[in-house]
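I opened a new structure today and kept notes as I went. Here is what I looked up.

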Amino acid sequence: MAGPALSEPLSELELKQLIACHECDLLLRKPDAAAGERVECPRCGYELYTHRAQVVRRSMALVLAALLLYVPANFLPIMQLNLLGQATEDTVWTGVLGLYNSGMQSVAVVVFLCSMAVPLLKLLCQFAVLLSIRLDIGRSYGLLLYRIYHHMREWGMLEVYLMGILVAIVKLVDLADLSIGLGLLCFVALLLVQVWLEVTMSPHQIWEALSGEDAHAGD
Ligand SMILES: [Zn+2]
């Protein structure tokens with residue numbers, strides 16, 4: 001029985017020109033986007049990618065800002081608490097230690113991973129990836145690190161931690177004499193810089209730059 005003739009398989013070059021929508025899986029030919037242009041899926045309107053100018057340079061500045069904020073955000077007091085004449089200063093790090101010493105070792109480990117270790121590793125991965133594009137060295141390691149970064153994304157939960165802090169402040173403010181520390185401001189700033197970085201560092205352009213397709217990404 002003769003079925004319909006199969007079409008020729010696509011060549012590697014033709015495959016590279018195709019792009020799939022992350023939301024509705026529509027397969028389309030990749031349009032050329034000039035700097036600053038947004039490409040949207042014609043079926044569902046999802047943003048396929050945005051071609052931003054100077055992605056690497058701008059992302060690099062944001063990563064460095066985030067790394068600089070990381071230390072004060074974790075080690076400067078988030079709040080000062082005055083309860084019955086006893087004053088304490090709480091940082092993210094002393095919070096982890098406090099949990100550990102009060103018998104909640106497993107909770108302490110999870111809090112340490114999600115609020116300190118993973119956010120730092122994420123930033124270091126992003127920094128190394130950008131550096132490998134900028135200096136044009138070790139792109140294969142860059143690809144590996146960027147893949148690891150995408151796996152770690154779900155595990156950095158700074159925003160959840162911030163919600164916890166805000167709830168604690170609201171609950172404690174009636175009970176004790178409480179003042180906000182510099183650490184909290186740095187923590188909020190770190191969170192904002194990270195969100196900005198996620199928006200700026202468009203994965204599409206980074207993958208292209210890492211695989212050497214886009215010679216202008218480092219501009
Ligand atoms: Zn779509």
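**Entry 1: the model.** I noted before anything else that this is a predicted model.

**Entry 2: the main core.** The largest nonpolar core has 43 residues. Leu190 and Ile206 have the most contacts inside it. I then checked which elements build this core. At least two residues each come from α2, β5, α3, α4, α5, α6, α7 and α8. The largest share is from α2, with ten residues.

Leaving out residues up to four places away in sequence, Leu190 touches Ala66, Leu69, Tyr70, Ala73, Leu123 and Leu158.

My background note: nonpolar side chains in soluble globular proteins tend to be buried together.

**Entry 3: a nonpolar patch outside.** Next I searched the surface. Val71, Phe75, Trp93, Leu97, Val109, Phe112 and Leu113 form a nonpolar patch there. Together they have about 580 Å² of accessible area. I found that α2, α3 and α4 each supply at least two of the patch residues. The largest share, three residues, comes from α4.

I picked out Leu113, which sits in helix α4. Is Leu113 buried, exposed or partly exposed? I read a relative accessible area of 40%, so Leu113 counts as partly exposed, between the 20% and 50% limits.

**Entry 4: the ends of α3.** I checked both ends of this helix. Thr91 caps the N-terminal end of α3. A side-chain oxygen of Thr91 lies 3.3 Å from the backbone nitrogen of Trp93. Gly103 follows α3, and its phi is positive, near 90°.

**Entry 5: salt bridges.** How many salt bridges does a search of the whole structure find? I got five.

I looked at Arg38 and Glu40 to begin with. Their closest N and O atoms are 2.5 Å apart. Arg38 is partly exposed at 49% relative accessible area, and Glu40 is partly exposed at 42%. Arg38, Glu40 and Glu47 are linked in a network of salt bridges.

Arg139 pairs with Asp136 in a salt bridge, with the closest N and O atoms 3.1 Å apart. Arg139 is partly exposed, at 22%.

Arg153 forms a salt bridge with Glu198, at 3.3 Å between the closest N and O atoms. This pair links distant parts of the chain, 45 residues apart. Arg153 is in the loop between α5 and α6, and Glu198 is in helix α7. Arg153 is partly exposed at 35%, and Glu198 is partly exposed at 28%.

Key: Residues are numbered from 1 along each chain as its sequence is written. This is a predicted model: local features need pLDDT of at least 70, side-chain atom pairs count only at pLDDT 80 or more; totals for chains, interfaces and linings use all residues. Side-chain values use heavy atoms; hydrogens and water are left out. A nonpolar core is a set of buried Ala, Val, Leu, Ile, Met, Phe, Trp, Tyr and Cys residues joined through side-chain atoms within 4.5 Å. Buried means under 20% relative accessible area, exposed over 50%, partly exposed in between (1.4 Å probe, protein chains only). Helices (H or I, at least four residues) and strands (E, at least two) are DSSP runs, numbered from the N terminus. Contact means heavy atoms within 4.5 Å. Patches are made of residues with over 30% relative accessible area and no salt bridge: like charges are joined within 9 Å, nonpolar side chains (Val, Leu, Ile, Met, Phe, Trp, Tyr) within 5 Å. Accessible areas come from the Shrake-Rupley method with a 1.4 Å probe; for residues, only the protein chains shown count as cover. A salt bridge is a side-chain nitrogen of Lys or Arg within 4 Å of a carboxyl oxygen of Asp or Glu. A polar contact is a pair of N or O atoms within 3.5 Å; within protein, one must be able to donate a hydrogen and the other to accept it, and residues adjacent in sequence count only if both atoms are side-chain atoms.
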